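Here is a short briefing for a reader who is meeting this structure for the first time. Keep the sequence and the 3D view open while reading.

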Amino acid sequence: MRGKHVILGVTGGIAAYKSAELVRRLTERGAEVQVVMTAAAREFITATTFQALSGRTVRESLWDPAAEGAMGHIELARWADLVLVAPASADFLARLTHGRADDLLATLCLATAAPIVLAPAMNQQMWQNAATQANVAMLKSRGVRLLGPASGDQACGEVGPGRMLEAVEIADLVEPMLAVPGPLTGKRVLITAGPTRECIDPVRFISNRSSGKMGYAVAQAMRAAGAEVVLVSGPVSLCAPTGVQRISVESAAQMFEVVQQQLPGTDVFVATAAVADYRPLEIAPVKIKKRNEQLTVEMTRTTDILASVAARTDRPFVVGFAAETNNVEQHALEKLLRKNLDMIAANEVSTCKAFDCEDNALLVLSRGGARVELPQAPKRELATALVALIADRLKSKV
Ligand code: CTP
């Protein structure tokens, strides 16, 4: 959203407290945010809060002599790449439906050529009222987009539809609306992520420390680059990135199965999962009792999902990950060749730099000899850089 101009309209509703966070979520993604408040919004939150968060003076009045040529609404209407009203009250929906021009926000909505997006927030009865629903239908027919509302507990104590979406959900939904076509638009990307769990008996399993954060960051970056993304994920405590199809699995065998099913039509396969290399040969049908001093669990190799994809004749562009404790480059290069990969992203895990933490550093090696070091950075940034490298390689293949 870098450099994109978003007008954030705030109308009168208790959900206006979430709008403050929304300013942060939009600005951290690069958008310039101009807040426009209605008179009713001022009953719930102050302009000072928005001013501090957006770095811009909040606009409130249609009659602001300081605005350019005293035509603030026209100037703002032209400046906007997107007008987002969150929260959008029942009254605002009604005013917009009727094309009222009785305050700055309603007027600039009439005057703008930019897309208008609303995140409604109101009491569930007000939302379900026939008048509101008729207004919503009319607005949709004119191309206005609505985000939510969500259902659940309301500030008024009632339960039902009418809650404003969370700030991060709104930012996730708005981001692609402002995005220019990305380098991977039209490409399908399949990603494995997280750990696997290999059962020993009905209550025990063998797993590893992978949090899935790197894989989820890659999925998000691929989506941001315009790709259609399918994420095959082991058990993690992360939410699926918006716009990404997640398929949850537990064991290496299940992950292998799902990857095989999802592979047709895939342009890029990225294996970030920390797949168990071995699984118990047999899963005890009942809980193993502690009878002996020692217990031996016999293990057998799992199928290497990455190598199996790379071995196909109709293979996509294949990217592997390597977690190494020593001789990172040497081991990664050996893996790149042995598994017949197009690219490998290696990281050192000896100092626990990569597993279950926010930052990472990667050494990216490609078939043909290219070598790129991506220094220590948040996983989200690294993922974006890695996706850019993948997109470059794909382009040069075409
Ligand atoms: N991988 C996979 N299926 C497996 C094991 C690994 O798809 N059954 C993938 C991982 O997702 C990763 C890459 O293979 O992209 C490297 O995994 P790693 O465990 O580091 O390497 P191995 O080839 O298993 O070698 P070793 O454990 O001996 O280092």
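Eight strands make up an open sheet with mixed pairing, in the order S12-S11-S8-S13-S16-S17-S18-S19. The model is a predicted one. The domain assignment of the protein lists two parts: domain 1 covers 5-178, and domain 2 covers 188-284 + 297-397. Their C-alpha centres are 40 Å apart.

**The eight-stranded sheet**

- The order of this open sheet starts with S12 and ends with S19. Strand S12 (245-248) and strand S19 (371-378) are its edge strands, and each of them pairs on one side only.
- On average, neighbouring strands of this sheet are turned by 15° against each other, direction ignored.
- Strand S8 (residues 188-193) pairs with strand S11 (residues 228-233). The pairing is parallel and runs over six bridges. Within it, Leu190 has Val230 in S11 as its bridge partner.
- Helix H10 (residues 252-262) lies across S8, S11, S12 and strand S13 (268-271). Against S8, helix H10 runs at about 180°.

**The five-stranded sheet**

- Five strands form another open sheet, ordered S2-S1-S3-S4-S5. The pairing here is parallel.
- Strand S2 (32-37) and strand S5 (145-146) each have a single partner strand, so one side of each is left without a neighbour in the sheet.
- Strand S4 (residues 116-120) pairs with S5 over two bridges, in the parallel sense. Leu118 stands opposite Leu146 in S5.
- Helix H8 (residues 167-178) lies across strand S1 (5-10), strand S3 (82-88), S4 and S5. Helix H8 runs at about 165° to S3.

**Salt bridges: the count and a pair within one helix**

- The model has 24 salt bridges.
- One of them joins the side chains of Arg25 and Glu21, at 2.6 Å from N to O. Both residues sit in helix H1 (residues 16-27), four residues apart, which means a separation of about one helical turn.
- Is Arg25 buried or exposed? Arg25 is buried, because its relative accessible area is 18%, and the cut-off for buried is under 20%. Glu21 is partly exposed, at 37% relative accessibility.

**Salt bridges: a network**

- Which residues are linked in a network of salt bridges? They are Asp91, Arg95, Arg100, Asp102 and Asp103.
- Asp103 is buried at 15% relative accessibility. Arg95 is buried as well, at 11%.

**Salt bridges: a pair between two loops**

- Asp342 and Arg367 meet through their side chains in a salt bridge of 2.8 Å, N to O.
- Where do the two residues lie? Asp342 is in the loop between helix H12 (328-338) and strand S17 (343-348). Arg367 is in the loop between strand S18 (359-366) and S19. The pair therefore ties together parts that are 25 residues apart in sequence.
- Asp342 is buried, with 6% relative accessibility. Arg367 counts as partly exposed, at 36%.

Definitions and conventions. Residues are numbered from 1 along each chain as its sequence is written. This is a predicted model: local features need pLDDT of at least 70, side-chain atom pairs count only at pLDDT 80 or more; totals for chains, interfaces and linings use all residues. Side-chain values use heavy atoms; hydrogens and water are left out. Domain bounds come from an automatic or database domain assignment. Two strands pair if DSSP finds at least two bridges between them. Contact means heavy atoms within 4.5 Å. Axes are lines fitted to C-alpha atoms, for helices over the stretch in contact, and angles run from 0 to 180 degrees between N-to-C directions. A salt bridge is a side-chain nitrogen of Lys or Arg within 4 Å of a carboxyl oxygen of Asp or Glu. Buried means under 20% relative accessible area, exposed over 50%, partly exposed in between (1.4 Å probe, protein chains only).
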